[in-house]
Amino acid sequence: MSRGRGTVNKVILVGRLGADPQLKYTPSGRANASFNIATNLVWKDQDGNQQEKTEWHRVTAWGKLAEVIGEWLKKGSYVYIEGRLQTRSYDDNNGVKKWITEVVATDLEMLGKKGEESTDTEAVPPEEIPEGNEESDLPF
């Protein structure tokens, strides 16, 4: 857990992978895995109808944890992830600076079987999520 003087940066997620993790290695040989996890919020609207919103979280892991993720996790895997939030910037192909916030995983628990795929969610793949804030539809 990342801590500073009087601060805490800790994230806990329980959800399903939206695609197989991407496992890569740095030139020095350090493993890096990146993937997206879907979590769902369910509530009843003013008319009593059940509503659901899927939130996508970008996750990255390093070292031995990344190698375990690359070997054992697949699309639909049900996992518990602990880590910290990290924001970084990069320049896109047009030279425009972009910012990305992701969870840097420090701990993982597999909650399903190896290769188990989700059958109970119809989450929208991350590449189809529109830009912008859709929070105005939530009841809080």
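With which residue does Glu-55 form a salt bridge, and how far apart are the closest N and O atoms? The partner of Glu-55 is Lys-53, and the closest N and O atoms lie 3.1 Å apart. This report describes a predicted model, beginning with the overall fold and returning to the charged pairs at the end.

**Overall architecture**

The protein chain contains 1 helix and 8 strands. Read from the N terminus, the order of the elements is β-β-β-β-β-β-α-β-β. Of the contacts in the chain with a separation of 6 or more, 61% are between residues 24 or more positions apart. Of the 140 residues in the chain, 28% are buried. The chain exposes about 9800 Å², and carbon and sulfur atoms supply 45% of this area.

In soluble globular proteins, nonpolar side chains tend to be buried together. In this model, the largest nonpolar core has 18 residues, and those touching the most other members are Phe-35, Ile-37, Val-59, Ile-69, Val-79, Ile-81 and Leu-108. Two or more residues each are given to this core by β3 (11–17), β5 (31–44), β6 (50–62), α1 (63–72), β7 (78–91) and β8 (97–110). Strand β5 provides the largest share, 4 residues.

Ile-69 illustrates how such a residue is surrounded. When neighbours within four places in sequence are set aside, Ile-69 is in contact with Pro-21, Ala-33, Phe-35, Ala-61 and Leu-108.

**Charged pairs**

Side chains of opposite charge can pair when their charged atoms come close.

| Glu-55 | Lys-53 | 3.1 Å |

Glu-102 counts as buried because its relative accessible area, 5%, is under 20%. Arg-88, by contrast, is partly exposed, with a relative accessible area of 37%. Apart from neighbours within four places in sequence, the contacts of Glu-102 are Arg-58, Thr-60, Arg-84, Leu-85, Gln-86 and Arg-88.

The other residues can be described in the same terms. Glu-55 is partly exposed at 33% relative accessibility. In the remaining pair of the table, Asp-92 is partly exposed with a relative accessible area of 22%, and Lys-98 is partly exposed with 35%.

How values were computed: Residues are numbered from 1 along each chain as its sequence is written. This is a predicted model: local features need pLDDT of at least 70, side-chain atom pairs count only at pLDDT 80 or more; totals for chains, interfaces and linings use all residues. Side-chain values use heavy atoms; hydrogens and water are left out. Buried means under 20% relative accessible area, exposed over 50%, partly exposed in between (1.4 Å probe, protein chains only). Contact means heavy atoms within 4.5 Å. Accessible areas come from the Shrake-Rupley method with a 1.4 Å probe; for residues, only the protein chains shown count as cover. A nonpolar core is a set of buried Ala, Val, Leu, Ile, Met, Phe, Trp, Tyr and Cys residues joined through side-chain atoms within 4.5 Å. A salt bridge is a side-chain nitrogen of Lys or Arg within 4 Å of a carboxyl oxygen of Asp or Glu.
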